[in-house]
Amino acid sequence: MPCHLGQLLLANLDAAVSNSQENVAELVITLIILLLGATGVALLTRRFRLPYVTGLVLAGLAVTDLLPRRTGLDPSLVLNLFLPILIFEAGINTDISRLRSTFKPIALLAVPGSAISSGIIAILLKFGLGLAWIPAILLGVILANTDTVSMIAIFKEMPVPSRLSTIVEGETLFNDATALVLFNLVLQVYSTGSLTFLEGVQGFLFIAIGGIIIGLILGYLSIPIFARLDDPLSSLLLTVAVALGTFQVGQSLGVSGAVAVVVAGLIFGNLGLSRTTSASTRITLLSFWEYASFSVNTFIFLLIGVEIDLITLWNALPAVLLAVLAFQAGRILSVYPLLAGIRWIDRPIPLPWQHLLFLGNIKGSLSMALALSLPTTLPGREGFIAIIYGCVLLSLVGQGSSLPWVVKRLNLSKFSEAKQQIEELQAQLITSKAAQDELDTLLKSGVLPKSVYEEMRSAYQVRVAGAEKSLREIYNRRPDEFDNKSGEIGKLDAIRRRLLLAEKAALNEAIRTRILSEEIVRGRLTKLDEQLLILEDD
């Protein structure tokens, strides 16, 4: 009897090992097919000038039957791995000074804008589809979330005003966090059965502010550790640990892990990657995170296409079309009213920019992940998932593919020969001065002999002098010699704006430290604000 039992156990073990090997083989084959599909998409989209992410979704629809087994988005994988990577990469590449100068429109769009849009979508779907309030609000929160990966990809190919690009990137950073906070609050209502308005506001503030605190603590704690690491690869491992660990700590403490990662990424990118960090370390880190973000987006959008069942989508098409109209209505009624009133507290947002912010209302990976995260006990769950999938597909294919045309139509991409000349000279100046700074570091550390240092530094100084002379000739031209359409005035205004903002920051700091009285400074601050308002938008 023991002999037979042992043989049976061995047989089961062999079967388990065999199944495991088959699963690994299928996973490798799936990965190869997806990588080849992504490569083909990259070639075709470049040839036919289509957005990359739109091509990925369509490729995912096409390769579904080629995969050895059904593979789709795992919500846990998206929320715990993919989302922190995307948010942290965006955070370390975001300039806090630019984010601060556009914080008001970003905050309006990401917080009250998301809440207003969610409410409008929920009301329209409740009465349009006859839903209960909880499912309608959940759908509203999910469909109010805007995935701007497509817009950022377009901006890289077709330059737009930097302030507009910063608003879009900033909304992306905080919009995802807002969606996750609201989604968790609605699930709390669903599980407990009740939640007062005051409790909801308190819960929202606790989750959001708690996430900010966790991000600040872990972000600042990582900087001294990073400063002691001389090896770029060890530094890279630290950033990965900070990105993924911050999210998990936030989630485990009941606050927003997404908000925590945003804050940690901003701190690390603006304070950790300072000029004291060696150039090789900065290049290694930024290149890695750019590749990681690109890879994650590639797999997410491919798997979105794989996940969508066209037959199920066809059966749910009327509800999908109504949901599309609902989230477009929610975006209209949140973007235009909020940004129309911003002129009272900040620089106005041009109407063409508002059009782009509305038309770029594209759904993406987070909407899919939240759809799959809906409670299994929720009545009609499969139908809701089909509706959300349909909205994601239609927005990616319809709006995503039309974005380049929209940017051109709104005349937002202005890149004249004169502007190109200025930016080439600025690039020469920036790179030469950065190389000189690195040479100074090498000399101080004893790596470079002084004779070699002086020879190499003089070569860079020639490049600096040439660029400075050319730029001085351009900037010293009389205003009536500038071509308004060339972008030269806009470039000068961007520089003047930075100088005025520096003056304003110095005055505010003087008030804070009681060096100057507010009565004396108030008039000067008003004049600075007036000068900022008349400058051409950058």
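These legends describe close-up views of a predicted model. Residues are numbered from 1 along each chain as its sequence is written. Local features need pLDDT of at least 70 and side-chain atom pairs count only at pLDDT 80 or more, while totals for chains, interfaces and linings use all residues; side-chain values use heavy atoms, without hydrogens and water.

**View 1. Phe88 pairs with Phe268.** Rings of Phe, Tyr and Trp (its six-membered ring) pair if their centres lie within 6.5 Å; planes under 30 degrees apart are stacked, over 60 edge-to-face, the rest tilted. The count comes to 6 aromatic pairs. In one, the ring centres of Phe88 and Phe268 lie 6.2 Å apart with planes at 50 degrees, so the pair is tilted. Phe88 sits in helix H3 (residues 75-92) and Phe268 in helix H12 (residues 257-272), so the pair ties together parts 180 residues apart in sequence. Helices are DSSP runs (H or I, at least four residues), numbered from the N terminus. Both Phe88 and Phe268 are buried, meaning under 20% relative accessible area (1.4 Å probe, protein chains only).

**View 2. Phe88 also pairs with Trp289.** Their ring centres are 4.9 Å apart and the planes meet at 50 degrees, so this pair is tilted. It links helix H3 to Trp289 in helix H13 (residues 279-307), 201 residues away. Phe88, Phe226, Phe268, Phe288 and Trp289 form one aromatic cluster.

**View 3. Leu356 in helix H16 (residues 351-359).** Leu356 counts as buried because its relative accessibility is 0%. Its C-alpha atom is 7.4 Å from that of Val407, 51 residues apart along the chain.

Technical notes. Helix = DSSP H or I, 4+ residues; strand = E, 2+ residues; numbered from the N terminus. Buried < 20%, exposed > 50% of the residue type's maximum accessible area, 1.4 Å probe, protein only.
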